[in-house]
Each structure stands twice: as C-alpha cells, then as structure tokens.
Amino acid sequence: MQNTVWIRLIVVVGLLGLAAYVMTPSVIYFGLSPDETREVQKDTAAFKKYLPSWAPESHIVPGLDLQGGVHMVLGVDLDKAVSDRARRVSNRLRTDLEEKKVAFTAVDHLGEEGKGDRVSATFGSDEAIATFDKDMAENYADLSEVSRSGMTITWRVHPDWVAKVRADAVDQTIKTISNRIDKMHVTEPSITKRGDDQVQVQLPGFANPEEAKALIGRTAQLEFQMCDDENDFMTRLTDLPEWSKLETSGYQRNNGAYAQDIYIDFPEDRLKDVRQYLVGKVPSGTVVKYGRLNSRPGEEIRWRTHTLKAEVNLTGDDLVNAQVAMGSPEQPQPYVAIEFSPTGRQLFGDLTTKNVGKRMAIVLEDVVDSAPVINEPITGGNASITMGGSRTREEMIKDANSLALVLKAGALPAPITFREEKTVGASLGRDALDAAKSASMLGILLVFGFLMIYYRLSGAIACVGLVLNLTFIFAILSWLGGTVTLPGIAGLLLTVGMANDANVLINERIREDLRAGKTARSAVQGGYSTAFSAILDSNITTAIAGIVLWQYGSGPIQNFATTLLIGVVTTVFTAVFCTRIFFDLLLVKDRDTLSI
Amino acid sequence: MSQKFFTFFDLKSPIDFATIGPKVLTGGLVLLAVTVLLLPTLGLNWGLDFSGGSELQVQFKTPVEPGAIRSVLEKEGFGKNQVQRYGSESQNEWLIRVERLTALSDDDVKRLDDKLKAAFPDGAPKLEFSASEGDRVIVLLKAPAIDDAVALQAALVAAEAQLMKTVEEDAGLRLRRTRAVDGGAENTDDAVLRDEPYQGTVKFVVQLQGVSDKLSKSLASLGELEVRRVDFVDARVAESLRTDGLLALMLALAGILIYLALRFDIYFAPGALIATLHDPLLALLFVFLIGRFEFDTPSVAALLTIVGYSVNGVIVIYDRIRENLTADVLTMDDVKKVVNHAVNDTFSRSVITVMTTLMTTIPVAIFTSGAVRTFAVTLSVGFVIGTLSALFIAPALYLFFRKNFYVAPVVAEGEVTREDRERGVV
C-alpha cells in the first residue's frame, strides 16, 4: 500500500477537481444576490449568463420548503374522460348516419348509465340496421355492442379503448398543465404522474396556491380581443434586435379607410427575448401577444407580435359548443364552428357591430390563433376559426379536432380535483433555510471539534475525510441537478454523524493494535483491514433503509433518502480510501508514533 | 512502548454487560409490552399527512387571542379544530388545523339545497356532495332550460360567493339534436333537423372555494395576516399514505431480516432481530405515545432510519463476539467472558458514534420546527435507545439463545463434548 500512496493521492485530487467542476453552477447559484435569484427564478435561461462558458448547467435546486412554493396532487376524473369519449363517438355516429343517409330517429350518449360509457342509436328501419351492420360497423371499433332490441342498439366503449382513454387522459392532463404552467414563469416546475389517476405539480418559488389552482384548473382559455392597429408605437422602436424585423401589411377597411398591421417578425426560439425586449415599451391600455406566422414545411418557423387592446371582450366562459365543420367547395379548409351562450351571443354581437372593418384577435391559451377582419356584424351567436396554413387536409382536420376539443373541454381532458396541497410561503422558506444553516454549522463544528480533541491528528484526518465526503455528496447532487430540502439537509448531517462511525471504528482498532504494542504502520494497516467489514455492514443496513424510503417517499422523504444513499457510497469511499492516504503520507518517513 | 490515548473510558474497570444485560432486557420487554398496550388505547397523534384535513400557519400583524380565532372557526362551521401558538408569543404566529376537507359545512349544504329547490321548482333539483372530496358540488337538474347554467350561476354562485366559484355544465348532455323523420324512414332527404331541449337529467359542476382560502379570508376579520404555510390532504391521499407507510416499514424490516439471515447463524439472528424491532418501537413509545409528537410521513422515515442504525450497532458487537469465540470457548461462563470482553472492546466505539451522531441531530431539533423537528427528535431518541439495546439487550439475547437452544456439533466418539464438560463429566 505504501508505494501506491502518491497514485492514490492523484486519484483523489483528480476527483476533487471533477467535483469542483460539476459544483461550479451550484456555488454560483447560491452566491447570487436576492435580485439575481429572482431573475433566474423567472427565467431559467438567464442563469447561463452568470456561468463561465466551460461550466455545466445543472445545479442543486433548493426545495419547496427552503425557497417557498406550491406542491399539489391532482386527481384526474377518468370516468368523465371515458364518458366524453362516448359522447364524441355518439356525435360521430350521428353525423355519419346523416351523411350516409341511413334512417335513424335518435343517437344518444347515455350519460347516466354505466358510468357514462354507453351510446345508443334508434334506427328508422330494419334496412337501416342492415346497412349499418354491413357498411359502417367496422368503423366503430371503439364500441362494443351491449344489447339490441327492436330498432335500438346500445353500445359501450370498448374496454381496450377505455384503457387507452384513461391513460391518455392523465398524459393529456400533464401536457395541458405543463403548457399552462409555462405561462406562469415558474422556474423548474415539476409535473409528474403519480399512481394511475394522479398528477403531482410542484411550483418552486410560487407563493399563491389559489392563483396556481385557478390557473391550472381554469376552463376559459379562449379570449377575443380587438387589434389595436391605430397604435404605431412599434414604428418608433429604434433598437430592434438584429434577428427581428419590423413588418407592415396594409389592408383596406370596408368603409374605404386604409389600415396597417404593424408587427415584429422573429424566429420561434426568440420568443422569450422579444418578451424581454418589449418590457416597458408597450403603451398602457395596450398589450402585445404573440402568434405563429404561416410557414411552408421545411421552412424556419417564425412568430410575430400582435398589438392588441388590453381589454378582453369575451372569453371561453361564454362558449357553449365548438364543432369541427369540414368546409365547402367554395371554402375548402375545415373550420371550427363556435356557438356562444345567450350572454356570449349578446356580447359578441355588440362587439362585432361596433368594430366592423377592424380586426379581432382570437387568442387561445395566450397565443393569437388568428386575427380576421370583421366584415359585418355577427349576431347569430356563431363564430368560426378557420384552419389555415400549407398543410394537408388531413392535418388540418386533425388540428381542427383538437382545437374543438380544447375549446369544449376547457383543454383539460377530464375534470381534476385537488387532493393534496402544500404551500410554503417565501418567508417561512427563508426561516427554514436559516435554521438549516445554523443546524449544519453547529452540528459540523461540534463533530469536528470533538474528533480533533479526541483523536488529535487522526481526528483531523477524519475531519478532512468528512469534508471530502460532503464535497462529493454536493458534487453528485449538483451533477444530478438534485433538489435539497430540509429533510435532505437533515440526511446530509446524519450522513456526517454516521460516516464518522467508520472513522471511529478504524481509529479504535488502530488504538487497540497500538496498545497491543504493534508499530504505527502495522496498526494502521490492521485497523483499516479489520474495520472494513463492519464499515461495509453499517452502510449496507443504512442503504436498505434508504432504498425502502426512496421507494416509499415522495418529495421531502425521497430527498432525505437520496442524500442518505449518495452518502453511503461517498462514505465508504472517503472513510476507507481517502483517509488512508493521509495516514500513509504521515507514515512515509517510517515514523513509529501516531497522534491518535 | 505503550502510547497514552485521550479517552473517556477506563478499560481497567470493564462493565459487566453479561450480568446487567438481562435486567435491561427485562426492562425493554416491559416497555415493549407498554407500547403494544398504549398503541391501541392511547393512539397516535396523527399528523396531517395521515389524518387528512387542512392546516394553515398564519402570522398576524397584531396580537390575537386564541379564543377569537376559535370563535371565527366555529362561526364558519369548523367545529373540529386545533389552534396552537407557533414560536414565541411576540411572533403572533398560529397553527390552525381543521378536520373538514371542504369549505361547505353541513348547514351550508342544507341551505344550498333549499335555495336550489326554490330556484328550480320544476327541475327536481338534486344536490350531490361528498365531504371527503369536497372541492365541488354536483347539481342535477331534470329537463333543464337552455339557460339553466346562467340561472344556477345567479341563484347559487353569485349569492354564495364566499363558498362558490364557478358553474360548469357537464358538456354534451345538453342539447339533443334529433332527426325527426316525416313521412316514412326511407325518405331521409325530407328529414328536418330540429334542436330539442334534452328531457333527461343534466349535470352541473359547481366549483367550490378552497378550505384554506375560506379560512384565511374569514381570519382576516381578526386583523392583517400573512399565510405562511398551507397544507391540505384529502381523505384518499391520507389513506394511501397510511398504507404506503406501513408497507415501507414492513419492507425495510423484511430487507433487514434477509440481510441478518445471510449474515448470522441461528444464535445471533433472533437477538439482532428482536433488538432491531425493539428500538423503533420504543422510539414510538417515547416520542409519539408519551411525547405526543405528531406522527407524520417524516416520522416513518425516522423510524426506518432507526432500524438501519440499530441493526448496525448490533452487528458491530456481534461481529466482535464471533471474532472472539474461538474453539476453546465452551462453557457458558467462558461465553459470558467473551461477550463481556467484546462489548467492552467496542464500548468506546458505540458511545463515540452515538455522540457524534447526536451532535448532528440535536442541532436540527433545536433550530428547526414542525415535522423536521419531530424527525430529528425521533432520530435522537431512537439512536440513544439503539445504542443501549446494542450494548445490553443484544448481548443478553445472544446469551439467552446460546444457553437455551444450543445444539452441540456432532462429535466423534471419545471426544469431549461441551455438555460433558459442563456437567463435570470430564
């Protein structure tokens, strides 16, 4: 062992270098001033500018309990998703029968029976039933027949489809919630599936649970706003970023007046930068929203700004129904027909009457879908969103379908309930962080002080081992981009306390051997080799508890388990491998005494 | 050349663990019996994760009396509540827990039902509500008019803004587009499309205010406040957390059991297992049954950690016993000597390890609060118990099993067996 000491030292120094490299972002992250932290929390990408170019990006994230935030578990009503499916199939069947001119008197979705998965149709004649069986039944693989009596057939949604719908509903919920949360500017939100029908949402740094719940659970995401084409503030912007360009396109209003649509055209990935750029430049009473520009397949996707009046005139709350219509020979694009409620009808009628000739933006989930010119007052309570773009008809129909679905079901595929909610205010988070700091300081000082008094120089070596241990744990956490919560810090401290057991085992063995009259060198050798099996045992039992905890726990518990498990690995490495190097270095000159 | 070491332990006067051990074991067993007795009678003080409910931590700007808080809660129908001061008196901070999971009290439900019947006399209105998943009320109306969602909004949501947020219609059941066929089924070209009001039952979903929202709004009448923490766990989640927690404890014990079975022979394994079971149970007794700390998910984590720690303590001592059990140790007296020697040899290690571990857990218990403090307290208590049981109970158990269940290895005729020697035959 003696002759390899320098090689081992190089290995440890090398690992320390690597640890320093992966820890750099974490050190920088926790060194940010409160203002800078807020900035980084708003926009993850902003963190890059504080990093040296060579540094990795993942860093340790303070947990919800340390920086404040909202943790929620949502239950997804899967029965409702299945029921929705049945309803859609019944609509399809009805349209189909109408198109194929098969005589029927009613197609119903039986909402009350069998958890809403039943559909029934009453046909007009035996021939109609025969036609259905022969020509159409194969198109309805998602239904399985339950009963047939007289002219009426009843189906239920096929079990295979039920399974698919249920799985899709949870995935779709996660996707929709992610999209909505993206707009809340929360750093590193986590939205994950939990169990069969639950979604866990974590929003670090977000303080208002009711606002979060409203945003996540809301149904209205469709807005109608008037375009503010009289506002030409954009023409006065002199410092437009180089990757963007100012465009104007004129159009004639039907009173003969000429109007201009002024916008900034920019590449898709610059959306955040444009947002940032326009902060403070938009006049009051006006908002800027964004929408996709039409592009051909293969072309770069570009976005544009829309200058809108701030007032939201109408929302999805006023919408009763949305359906896909296939278009006509004159206007071949499929479109989504929107039907308003009586109040919505009134509002929409007024709005379009007052603003004939102007453009109205249809804003979906805060993205401008289109901004057509109002040619005439629309008082019938119907509006339509036409699918555009240079896509195939099939793609457009698919888009129209999903748009209609989004509008109708409020984007969430099934209703959600809030089953668990934990919110920690930012001030409490700060208190917790302070508590964690104080506890760590005191704990580490006590342990280090004790070790140095009790074991003298060997105690100091043990302390170096513990510092290395903590360094490696932090490095691994930083590399994994792990979260550190209060229980996680407790786990870390516990690791320090228990890692010490390895040092104590070794040092006590060395002392025993020295008492027995062995030389320092052979005592060290004996101490390490006899203590090893006990050290291994101690860490294996901790690992067993840790693995079970990691399986069981969610959030903070899992965090505790993670640090405990990482600690097991680093403890064995530092206590057995690293500290030995220092003993060997001490004994290189063949000294016979050891300060222990 | 003999070196002097700084030490707290005088090895010249070893402790007779083999004699004290059985007494400690008896004490431990009595306490175990007490635990088993108290667990069903006294019960645990369940934390929110396991009981379900809502908890708010609020800080008032000005001093507030607990009685005032309670009366506000009772006025809002939160009869089952706990109000506790948090931190020092000058902090004006309170922990408020209510058992109910919904903003609706029974009285509210009744009143809403009456209102509903008055507003929709023809619709045979039905109010469906389950208190355990109570963030919504379902209203069923028969053959509703087209604008019933609007009417419902006006009748309930607007009038009960404190309780309700939005009405949503369960889409799809609303209008039934019927194809009325005039003059025979074949003649479908003449069919007229006609929208008819649906005659069946339509479901409306009324979204309720959150409990925490309602609580903080009503507490605001006592003065300006900051809501520092909100916890809400519904009954289903609480239930699944309870099962998962129990399962985790069982799994950990099973894992340790398998490890012990692989690691030790039949005389060591039972002692290790009993000591391992003993420690978390006594921690449960002292911290949660007598100390009345709240039993929450971190408490399960703490008990699991204690299991790991205590097995480890036992293993170190048993290993030392095994190491010293050479072939010539045959009489029970010799075995006792070996055990005493082993425990004394590892005594300083046991004490120093528990000391340094406590040096890290006690500061956490001092500086933190709530669940994390409970966690640190449980660990500290558990580690002390674990050390004591490793020093006294585990060796006593080993001696017990060795004495009563020892089967001598089969020996060839003429050789001296242990029994012979003990009986003094030889």
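How far apart do the C-alpha centres of domain 1 of chain B and domain 2 of chain B lie? In this predicted model, the two centres lie 42 Å apart. The domain assignment of chain B places residues 17–46 and 234–423 in domain 1, residues 53–101 and 215–232 in domain 2, and residues 106–209 in domain 3.

Chain A, for its part, has a secondary structure of 14 helices and 21 strands, and 44% of its 596 residues count as buried. Among the contacts of chain A with a separation of 6 or more, 70% are accounted for by residues 24 or more positions apart.

Strands of both chains contribute to an open sheet of 8 strands, which has the order β7(A)-β8(A)-β2(A)-β20(A)-β10(B)-β1(B)-β3(B)-β2(B) and antiparallel pairing. Because β7 (190–194) of chain A and β2 (81–86) of chain B stand at the edges, each with a single partner strand, one side of each is left without a neighbour in the sheet. On average, and with direction ignored, neighbouring strands of this sheet are turned by 20° against each other. A helix of chain B, α3 (residues 66–75), lies across β2 and β3 of chain B and runs at about 150° to β2(B).

The two chains meet within this sheet through β20(A) and β10(B), which pair in the antiparallel sense over 5 bridges; here the bridge partner of Lys422(A) in β10(B) is Asp231(B). Taken as a whole, the interface brings 74 residues of chain B into contact with 78 residues of chain A. Elements that each supply at least two residues to the side of chain B that touches chain A include β10, α7 (235–263), α9 (297–324) and α10 (332–367) of chain B. By class, that side of chain B has 34 nonpolar, 22 polar and 18 charged residues.

Elsewhere in chain A, strand β6 (residues 152–157) has two pairings. With strand β4 (residues 118–123) of chain A, β6(A) pairs in the antiparallel sense over 5 bridges, and with strand β5 (residues 143–149) of chain A it pairs, again in the antiparallel sense, over 6 bridges. Thr154(A) in β6(A) is the bridge partner of Ser120(A) and also stands opposite Ser147(A). The strands β5(A) and β6(A) form a hairpin with 2 residues between them, and Gly150(A) in the turn has a positive phi of about 60°.

In soluble globular proteins, nonpolar side chains tend to be buried together. The largest nonpolar core of the model has 220 residues, of which Ala490(A), Leu549(A), Leu304(B), Tyr318(B) and Ala394(B) touch the most other members; α11(A) gives the most to this core, with 21 residues. A second, separate core of 25 residues includes Val336(A), Ile338(A), Val363(A) and Ala383(A).

How values were computed
Residues numbered from 1 in each chain as written. Chains lettered and ligands numbered in written order. Predicted model: local features only at pLDDT ≥ 70, side-chain atom pairs only at ≥ 80, totals over all residues. Pairing = 2+ DSSP bridges. Helix = DSSP H or I, 4+ residues; strand = E, 2+ residues; numbered from the N terminus. Axes fitted to C-alpha atoms, helices over the stretch in contact; angles between N-to-C directions. Contact = placed C-beta atoms within 7 Å. Nonpolar A, V, L, I, M, F, W, Y, C, P; charged D, E, K, R; others polar. Domains from an automatic or database assignment. Core = buried A, V, L, I, M, F, W, Y, C linked by C-beta atoms within 7 Å. Buried ≥ 20, exposed ≤ 12 C-beta atoms within 10 Å, placed from the backbone.
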